[in-house]
Amino acid sequence: MASLHADGSLDKNFGNSGMLIISVDSFFNNVNDMVVQEDGKIICGGRYGAGNSGSFLVRHNSDGSIDKNFAFMWNFLGIGLQGPALVNALAIV
């Protein structure tokens, strides 16, 4: 994920010099969608792992840091959906 200014340059105050790598599982991660809340926090959802994989949700603060208040243990929420029932789209309602 990257944060850009209106002119297309990286926002160096976001993540690691403007970019952020989401790492849920050391082998495989795939972010399928992300949404930005009104407070600027970013929720990403997708798939992790190989073989016995699952879905995840992770929330970052507006500066790219992990929101440690979102999930209680690993800073991400492993949903346990497997097979075709993976997180493919997110919506804030």
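How many bridges join β2 to strand β3, and in which sense do the two strands run? The legends below take up this question and others in a predicted model.

**View 1. Strands β2 and β3 side by side.** Strand β3, which covers residues 54-60, is joined to β2 by 7 bridges, and the two strands run antiparallel. Strand β2 itself spans residues 42-48 and is mostly covered, since 5 of its 7 residues are buried.

**View 2. The hairpin of β1 and β2.** Strand β1, made up of residues 29-36, pairs with β2 in the antiparallel sense over 7 bridges. Within this pairing, Val35 stands opposite Ile43 in β2. The two strands form a hairpin with 5 residues between them, and in the turn Gly40 has a positive phi of about 90°.

View 3. Side chains of opposite charge can pair when their charged atoms come close. In this view the side chains of Lys41 and Asp67 meet in a salt bridge, with a distance of 3.1 Å from N to O. Lys41 lies in the loop between β1 and β2, whereas Asp67 lies in the loop between β3 and β4 (77-78), so the pair ties together parts that are 26 residues apart in sequence.

View 4. Salt bridges that share partners join Lys41, Arg59 and Asp67 into one network, and a search of the whole structure finds 2 salt bridges.

**View 5. The largest nonpolar core.** Which residues make up the largest nonpolar core? This core holds 7 residues in all, namely Phe14, Leu20, Ile22, Ile42, Cys44, Phe56 and Val58. Strands β2 and β3 each supply at least two residues of this core.

**View 6. The surroundings of Ile22.** Ile22, one of the residues of the largest nonpolar core, is shown here with residues that it touches, leaving aside those up to four places away in sequence. Among these contacts are the core residues Cys44, Phe56 and Val58, and Ile22 also touches Met1, Asn29, Val31 and His60.

Technical notes
Residues numbered from 1 in each chain as written. Predicted model: local features only at pLDDT ≥ 70, side-chain atom pairs only at ≥ 80, totals over all residues. Heavy atoms only, no water. Buried < 20%, exposed > 50% of the residue type's maximum accessible area, 1.4 Å probe, protein only. Helix = DSSP H or I, 4+ residues; strand = E, 2+ residues; numbered from the N terminus. Pairing = 2+ DSSP bridges. Salt bridge = Lys/Arg side-chain N within 4 Å of Asp/Glu carboxyl O. Core = buried A, V, L, I, M, F, W, Y, C linked by side-chain atoms within 4.5 Å. Contact = heavy atoms within 4.5 Å.
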